[in-house]
Amino acid sequence: MNLINEKVTHKNKTIGSGVIVEQKRANARTNYAFKCNYCDGNADSMKIGFAGVCSDKIIYNNIIVEPKSWCVQDTCPCMQYHSGEITREQLESEVSVCYESEMLTKWKVYAGMNAEGTARRISELSPDKLCVLTTRDPKAESEAERYIFAAFIIGAGDEGDEYESGCIYAKTDYTICFNSEEAHRIKFWDYHKNANAPEEKIWRMGLYRKFEDDEALKFLDAIVSVKSGTVDQAQAERLRDYFIQRNNIVTS
């Protein structure tokens, strides 16, 4: 696999009352959003989950109620636990259960596999862009309920190949996550619009999509607002300030 390196170009773009005066990245649209299955693993007052194996309730939901493509596979440890082949203790001792169960411990996200069983690649990525991780609650009535449970500044990535999925790594010390109450206040579709149908709240295909710097700033502003008055306020501001500085954005 090839490590994705930063390319350089120049582009000016108006962002509300501010301007990107000197865009020095491969593409202003190389911020990423990922669609993730809900995971309540090791949820606590600081994070909604995504840091361990799901509870029995969510395992049941992801296998029986709302079948997820990996969760229902015979080789999935959660499916083996649900079927009585292994114990809960054995399940929790697994090195890796799924992408979601270790997202907020490894701070690494994958492009996943397509319907044909081949790996998806990530061919365009710039360090110092924003990545947001999104999910919906079990039995959510519509895509409009998708929210952000964590975000990070991109550090690096692997393009992947036909066998191994492409992935994105967080930049060390530029990560932030949300507890359940905070996460539900940052609805994904309040800040992101489909280019060809902005009124539609539809994800369609794939586990990730790209968005431009103007939307990235809106996400970061929302994160700062949600974390205002908490122990994470300084970290939220740090992410926003770093993004603005490294992407040569001037705001009024």
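Author: A residue is called buried when its relative accessible area is under 20%, exposed when it is over 50%, and partly exposed in between (1.4 Å probe, protein chains only). The model is predicted, so local features need pLDDT of at least 70 and side-chain atom pairs count only at pLDDT 80 or more, while totals for chains, interfaces and linings use all residues. Residues are numbered from 1 along each chain as its sequence is written, and side-chain values use heavy atoms, with hydrogens and water left out.

Reader: What makes α6 a mostly covered helix?

Author: Of the 15 residues in α6, 11 are buried. Helices are DSSP runs of H or I with at least four residues, strands are runs of E with at least two, and both are numbered from the N terminus. On these terms the chain has 7 helices and 9 strands, and buried residues make up 48% of its 252 residues.

Reader: Which elements cover the buried residues of α7?

Author: The buried residues of α7 are Ala236, Leu239, Arg240, Tyr242, Phe243 and Ile244. Their cover includes β3, β5, β6, β7, α6 and β9, where a contact means heavy atoms within 4.5 Å. Of the chain's contacts with a separation of 6 or more, 65% involve residues 24 or more positions apart.

Reader: Why is Tyr60 called partly exposed?

Author: Tyr60 has a relative accessible area of 44%, and therefore counts as partly exposed. Tyr60 lies in helix α1, residues 56–65, where Ile58, Ile59, Asn61, Asn62 and Ile63 are buried. Cover for the buried residues of α1 includes α2 and α3.

Reader: What makes the nonpolar surface patch that includes Tyr60?

Author: Tyr60, Ile64 and Val65 make this patch of about 270 Å². Patch members have over 30% relative accessible area and no salt bridge; like charges are joined within 9 Å, and nonpolar side chains (Val, Leu, Ile, Met, Phe, Trp, Tyr) within 5 Å. The accessible surface of the chain is about 12,400 Å², with 46% belonging to carbon and sulfur atoms; such areas come from the Shrake-Rupley method with a 1.4 Å probe, and for residues only the protein chains shown count as cover.

Reader: Which residues touch the most other members of the largest nonpolar core?

Author: Leu130, Leu133 and Phe149 do so, in a core of 68 residues. A nonpolar core is a set of buried Ala, Val, Leu, Ile, Met, Phe, Trp, Tyr and Cys residues joined through side-chain atoms within 4.5 Å. Beyond four places away in sequence, the residues that Leu133 touches include Phe34, Met103, Val109, Tyr147 and Phe152. In soluble globular proteins, nonpolar side chains tend to be buried together.

Reader: Why is the pair Arg246 and Asp128 called a salt bridge?

Author: The term requires a side-chain nitrogen of Lys or Arg within 4 Å of a carboxyl oxygen of Asp or Glu; the closest N and O atoms of Arg246 and Asp128 are 3.0 Å apart, so the pair qualifies. This pair links distant parts of the chain, with Arg246 in α7 and Asp128 in the loop between β4 and β5, 118 residues apart. Arg246, at 37% relative accessibility, is partly exposed, whereas Asp128, at 3%, is buried.

Reader: Where do Lys129 and Asp213 lie, and are they buried or exposed?

Author: Lys129 and Asp213 form a salt bridge with closest N and O atoms 2.9 Å apart. Lys129 lies in the loop between β4 and β5 and Asp213 in helix α6, 84 residues apart. Both Lys129 and Asp213 are buried.

Reader: How many residues separate Arg88 and Glu92?

Author: Arg88 and Glu92 are 4 residues apart in helix α3, and therefore about one helical turn apart. Their closest N and O atoms lie 2.9 Å apart in a salt bridge, one of 14 in the structure. Arg88, at 21% relative accessibility, counts as partly exposed, and Glu92 does so at 49%.
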